[in-house]
Amino acid sequence: MSTGNEIERQESGQESEGHAERQIFSALLTPHRSLNRTGFLAVMLFLSVVSFVTGIVFLMQGAWPVLGFFGLDVLVVWWAFKVNFRTGRAREEITVTTSELRVRRISHHGQVAEWTFNPLWVRLDMEVDEDFGIEHLYLISRGHHIQIARFLGPDEKASFYKGLIEALNAAKRGPTYNPVT
């Protein structure tokens, strides 16, 4: 998975802390951000210096309004990065136990939407494009369907699909009892 996306598969002997029921699968999906805060500051510093120097050159040639437009360009780029970082706060949590599949989606505004399904009745479906691979993943249960893993790329969706199918199959097999410790 890409940076920031975590998938945990627990073995049958482990107990999940704080839950009465063992988690078979747990995933935290977040949007990919290739530029961290340090990179953002470096880009903004470079853009500011280049814009200022170029604006001064135009100012010395008598084209003083250009300096203001270069400053405006830097402000627009700064605003676009801030919006991008704000949308990066969205996340999706998917958890599978033997009795439920829980999807919790948190928007970049902090709004929470949560769905709970019985893993015995859930079907995982996908839309595949022959050129790009998996485009969309859907959970379908009793007439309801929701799109999941929207943050992931096609290869990541294929890996996620495989892991979630394994977890759903394990949940459908039910809990196992192993008295040997």
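Reader: Does F40 count as buried or partly exposed, and at what relative accessibility?

Author: This is a predicted model, and the values here are computed from it. Buried means under 20% relative accessible area. F40, at 5% relative accessibility, counts as buried.

Reader: Which ring does F40 pair with, and how is an aromatic pair read?

Author: A pair of aromatic rings is described by the distance of the centres and the angle of the planes. A search of the whole structure finds 5 aromatic pairs. One of them joins F40 and F81, with 5.4 Å from centre to centre and 70° between the planes, an edge-to-face arrangement. F40 lies in helix α1 (residues 37-60) and F81 in helix α2, so this pair ties together parts that are 41 residues apart in sequence. F81 counts as partly exposed, at 24% relative accessibility.

Reader: How are the rings of F40 and F85 placed?

Author: Their centres are 5.4 Å apart and their planes stand at 85°, so this pair is edge-to-face. Here too distant parts of the chain are linked, with F40 in helix α1 and F85 in helix α2, 45 residues apart. Both F40 and F85 are buried. F40, F81 and F85 together form one aromatic cluster.

Reader: Which residues make the nonpolar surface patch?

Author: F69, L72, L75, V76, W78 and W79 make a patch of about 670 Å². W78 belongs to helix α2 (residues 65-87). The relative accessible area of W78 is 39%, which is partly exposed.

Reader: Now the charged residues. How many salt bridges are there?

Author: Side chains of opposite charge can pair when their charged atoms come close. In this model the count comes to 6 salt bridges. One of them is between E92 and R105, where the closest N and O atoms are 2.9 Å apart. E92 is in strand β3 (residues 91-97) and R105 in strand β4 (residues 101-106), so the bridge ties together parts that are 13 residues apart in sequence.

Reader: Are E92 and R105 buried or exposed?

Author: Both E92 and R105 are buried.

Reader: What does E114 meet in a salt bridge?

Author: One partner is R102, at 2.3 Å from N to O. R102 sits in strand β4 and E114 in strand β5 (residues 112-117), so the pair ties together parts that are 12 residues apart in sequence. R102 counts as partly exposed at 28% relative accessibility, and E114 does so at 40%. R104 also meets E114 in a salt bridge, at 3.4 Å from N to O. R104 lies in strand β4, so its pair with E114 in strand β5 ties together parts that are 10 residues apart in sequence. Salt bridges that share partners join R91, E93, E100, R102, R104 and E114 into one network.

Reader: How far apart are L28 and E93, in sequence and in space?

Author: L28 and E93 are 65 residues apart in sequence and 4.6 Å apart in space, from C-alpha to C-alpha. L28 lies in strand β2 (residues 23-29).

Reader: Last, helix α3. Which of its residues are buried?

Author: Helix α3 (residues 154-173) has 20 residues and reaches 29 Å from its first C-alpha to its last, close to the 28 Å expected at 1.5 Å a residue. Its buried residues are E156, K157, F160, G163, L164, A167, L168, A170 and A171. Seen down the axis of α3, these residues fall within an arc of 155°, so they line one face of the helix. D155, K162 and R173 are exposed on the other side of α3. After α3 comes G174, with a positive phi near 90°.

Notes. Residues numbered from 1 in each chain as written. Predicted model: local features only at pLDDT ≥ 70, side-chain atom pairs only at ≥ 80, totals over all residues. Heavy atoms only, no water. Helix = DSSP H or I, 4+ residues; strand = E, 2+ residues; numbered from the N terminus. Expected span 1.5 Å × (residues − 1). Buried < 20%, exposed > 50% of the residue type's maximum accessible area, 1.4 Å probe, protein only. Arc of directions from axis to C-beta. Patch = residues over 30% accessible without salt bridge, like charges linked within 9 Å, V, L, I, M, F, W, Y side chains within 5 Å. Areas by Shrake-Rupley, 256 points an atom, 1.4 Å probe, with all protein chains shown as cover. Salt bridge = Lys/Arg side-chain N within 4 Å of Asp/Glu carboxyl O. Phe/Tyr/Trp six-rings, centres within 6.5 Å; stacked < 30°, edge-to-face > 60°.
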